[in-house]
Amino acid sequence: MKRRTLAGRYELGSPIGRGGMGEVWAGYDTRLDRRVAVKLLHAHTVSSSTQRTALAKRFAREARLTARVEHPGVPAIFDAGVDAGGSDSRDADGEQLYLVMQLVPGIDLVDFLVQHQPLPVEWAVAVAAQIASILSAAHAVSLVHRDLKPTNVMLRPDGTVVVLDFGVAALLAADATRLTATGETIGSPAYMSPEQVLGGVASPRSDLYALGCILYELLADVRPFPGEASYPVMRRHVEEPAPRVRLARPDVPPELERLVLDLMAKEPEDRPADAEDVYGRLAPFLPAAGREDRAVPSDPTRPYRFPLAPRRGASRPSPRPGAAPAGEPVGSSAAPAFAAPAPVDFAAVRDEAADLVDAGRFTQAAELLTDLLARGRRARSRSDVRSVRHQLANTLLLGGDYARALTEYERLVEDIEPERAPDDQDILHWKLQIATCHAALGHAHEALAYLEPVLATKQRQFGRRDEEVIELRRQAAALHASVGDGQRAAAELRSLLTDLGPSHPMSADVATALRKLGQI
């Protein structure tokens, strides 16, 4: 039987997962002779060709972001692209986005819980600790999962945990230059943080909330807020206090119950600071290394009891670029100690970086511009340095490196704002980008602190019905929802809906967000 092949290389075998936006297949890489998983995202899930083009760009961007996460608990990304399809394409327009990744053997957390109940406390802690370690690596590169749930968590036969679908939920979110998205709520109701329910901005601490829900379920064998219908469950996440796991299971240590309650705090700032903090609080409950191996399939404590030994010689550091060879004194006749730096062609390097950005190679572009900034700070004019910093900030933002982009935008504002008028458009734009970075990093209060003064200035300049002002008002409402101020968010949305009128393209999304706030 002839099997479908993507890009002349990836042969599809059998489907192993299916969702609203596409499906996952077990496949085979005919070039490198290995089994792979192939995620297909159907272009016809969006209506217009413009939306399909935008989705394809976001798909490629999210694949690159996910590929930056270096952790054994995140499937390796091997390839991504668009397949023209030909006669065997399943899409009417003959195009299909695909992502090729490591095929992970094992079972998902749902089946694992069915097979192992009641789950030993030590096992529950081991699963949660591994998830925390994975989240820490993802959050370090500004990647938020947004839809962490048991079906997205796999356990290998050796007990190691793998988290799937990083970046998939982000395909439904806004692009990198906007604070929030309109339309459908991202996430699964049983594990959705209150700020996501209210239409706010998902942040690393939203993932920690979902981890708290999962840890509760691992310990208590029931979801913290069970229910069949979505809205009642979502409402409970917002209004009801997190249940105490010791009421369902008295053998859970009080400190572990306290961690679950902290993870499920209603306000993001009341949750643990980060995933590393969560791991530290779980560590005392993990098994010691070297304990007897019980040889139970998918035992999540095994990686802690029998950790992998380090490779011999792996700890020897690589020599720094330009460092003298071992045993050779610096400044010997082998090479001059201080070679004169080669002249820098600023324009050529900036053009090369711009071409890399157009190709979606943001990391390489940022490295070029960072090096250019370091080499040209003293040799070039202040105006040139500022221009490079601006280009670097934009590149980092587009590439999803929000922490570094935030620093560069802050430096731009600090350097240039004293020379400009209070309503200077460049300064206002950079402050909005600072707000975008804060929102992406989970700093909703800080994002509001930058967004609202800019919004007030723009309203004075252009009026309440200006298209940019309308979008900023919607973003402000979403951020107010993120910090738990549902009344302020609803008031802003009602005002916005009145100003838009029923015929405006954004009215339907605003009305949906307002109904959601009214139902929760």
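Mentor: What follows goes through the cavities, then the chain around them.

This is a predicted model, in which local features need pLDDT of at least 70, side-chain atom pairs count only at pLDDT 80 or more, and totals for chains, interfaces and linings use all residues. Residues are numbered from 1 along each chain as its sequence is written, and side-chain values use heavy atoms, with hydrogens and water left out.

Rolling a probe the size of a water molecule over the atoms shows where empty space is left. A cavity here is a set of points, on a 1 Å grid over the protein atoms alone, where a 1.4 Å probe fits but cannot get out; lining residues have an atom within 4 Å of a point. Grid points are joined across faces, edges and corners, and a volume is the space filled by probe spheres set on the points.

The structure has 2 cavities of 30 Å³ or more. The largest cavity has a volume of about 90 Å³. Its lining consists of 12 residues, with Thr66, Ile77, Met101, Asp165 and Phe166 nearest the centre. By class, 9 of the lining residues are nonpolar, 1 is polar and 2 are charged. In this scheme Ala, Val, Leu, Ile, Met, Phe, Trp, Tyr, Cys and Pro count as nonpolar, Asp, Glu, Lys and Arg as charged, and the others, Gly among them, as polar. Domain 1 (1-103) and domain 2 (105-177 + 185-287 + 298-303) each supply at least three residues to the lining of the largest cavity; the domain bounds come from an automatic or database domain assignment.

The second largest cavity holds about 50 Å³ of space. Residues lining the second largest cavity include Arg146, Asp147, Tyr191 and Gln196. The class count for this lining is 4 nonpolar, 4 polar and 3 charged residues. Helix α5 (residues 204-220) gives the largest share of the lining, 3 residues.

As for the chain, there are 19 helices and 9 strands, taken as DSSP runs (helices H or I, at least four residues; strands E, at least two) and numbered from the N terminus. Of the 520 residues in the chain, 48% are buried, where buried means under 20% relative accessible area with a 1.4 Å probe, protein chains only. Among contacts (heavy atoms within 4.5 Å) between residues at least 6 apart in sequence, 61% join residues at least 24 apart.

Conventions. 1 Å grid on protein atoms, 1.4 Å probe; cavity = no way out; pocket = protein on both sides within 12 Å on 5 of 7 lines; lining within 4 Å. Buried < 20%, exposed > 50% of the residue type's maximum accessible area, 1.4 Å probe, protein only.
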